[in-house]
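Colleague: I'd like to learn how to read a sheet and a ring pair. Could you walk me through this one?

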Amino acid sequence: MARIIDGKAIAAEIRKEIAKETEALTAQGTTPGLAVVLVGEDPASRVYVSMKEKACAETGIFSDEYKLSAETSESELLKLIDKLNSDKRIDGILVQLPLPDHIDESKVLEAISPAKDVDGFHPYNVGRLATGNPLFQPCTPYGVMKMLENTGIDLTGKEVVVVGRSNIVGKPVALMCLAQHATVTLCHSRTADLAEKVRQADVLIAAVGRAEMIKGDWIKQGAVVIDVGVNRVGEKKLVGDVEFAAACERASAITPVPGGVGPMTITMLLYNTLESAKRRAGSSR
Ligand code: NDP
């Protein structure tokens, strides 16, 4: 039976370390600060934003919230970002996505100073990651890498198969695995014979968003399985992209859903904010 990779426990451990470092940095006169910008009333976004604020409070990070109406214009939002870019108390700026339709998302993300882009979505940071010299790495894939590190697996020479090629998970996690010397296959909706590709994987990273579409008997014996997918089934149940029970019979280690990758995402946002504050403290010495 597979070992369960406990995302909650790993996240709690990292957050403890973040709280300790934040306290020390604050004592030296630099409190890490995160600005969280929410435009509109999307219920899921509101939940994410309040989880982020709570996580900041628990680790001693200062959070500054901007809850703007759905009617906010693009130029008003760009003005706010401009102000936050030069706000000395702010080390990270997070604009909760999705934005209302009348606002150009990429224009907004590109307006964030790359030095405060703790989500790692600015093309400058995407480029830094792609060229092997990252400044900020996007939080969910960064969390996946921390979990792999925690399983003790050395990716050098391993076959990593990533299913999903989004800008926020699939593509960046593929680049991160490549940087760790894995041989990476990046699959998507047009991949021919996905099952065959998955069967090759020493490490499988699933980020699709389709309930249990990756079957347990596709998993190579002894593989490590990281399931990023979060899919609602019925009223209350959440499942991943991988058929969990069947995959447990073959994998050597696997993340559960919920309690796997989920808790790591906000943790890495805190981590990036702290790193940014450390750079600020370093440059003002
Ligand atoms: P996207 O919808 O942006 O991307 C999904 C990817 O899956 C696309 O690249 C798509 O291919 C691919 N895909 C769709 N159907 C198939 C198929 N039948 N076979 C192979 N590939 C397929 O999703 P995200 O990357 O944003 O998120 C993926 C999942 O991860 C979701 O369940 C989301 O909820 C979850 N998630 C969880 C987070 C966490 O913190 N735990 C954070 C972020 C996401 P194509 O490009 O060809 O369309």
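This is a predicted model: local features need pLDDT of at least 70, side-chain atom pairs count only at pLDDT 80 or more; totals for chains, interfaces and linings use all residues.

Colleague: In what sense do β2 and β3 pair, and over how many bridges?

Modeller: In general, strands of a sheet pair through backbone hydrogen bonds, either parallel or antiparallel. Here β2 (residues 33-39) runs parallel to β3 over seven bridges. Strands are DSSP runs of E, at least two residues, and helices are runs of H or I, at least four, numbered from the N terminus; two strands pair if DSSP finds at least two bridges between them.

Colleague: What is the strand order of the open sheet?

Modeller: The order is β3-β2-β4, three strands with parallel pairing. β3 (62-68) and β4 (92-95) are the edge strands, each pairing on one side only.

Colleague: And how many aromatic pairs are there?

Modeller: A pair of aromatic rings is described by the distance of the centres and the angle of the planes. Rings of Phe, Tyr and Trp (its six-membered ring) pair if their centres lie within 6.5 Å; planes under 30 degrees apart are stacked, over 60 edge-to-face, the rest tilted. That gives one aromatic pair. Tyr142 and Tyr271 are edge-to-face, 5.6 Å centre to centre with 90 degrees between the planes. Tyr142 lies in helix α6 (residues 139-151) and Tyr271 in helix α10 (residues 262-283), so the pair ties together parts 129 residues apart in sequence.

Note on methods: Residues are numbered from 1 along each chain as its sequence is written. Side-chain values use heavy atoms; hydrogens and water are left out.
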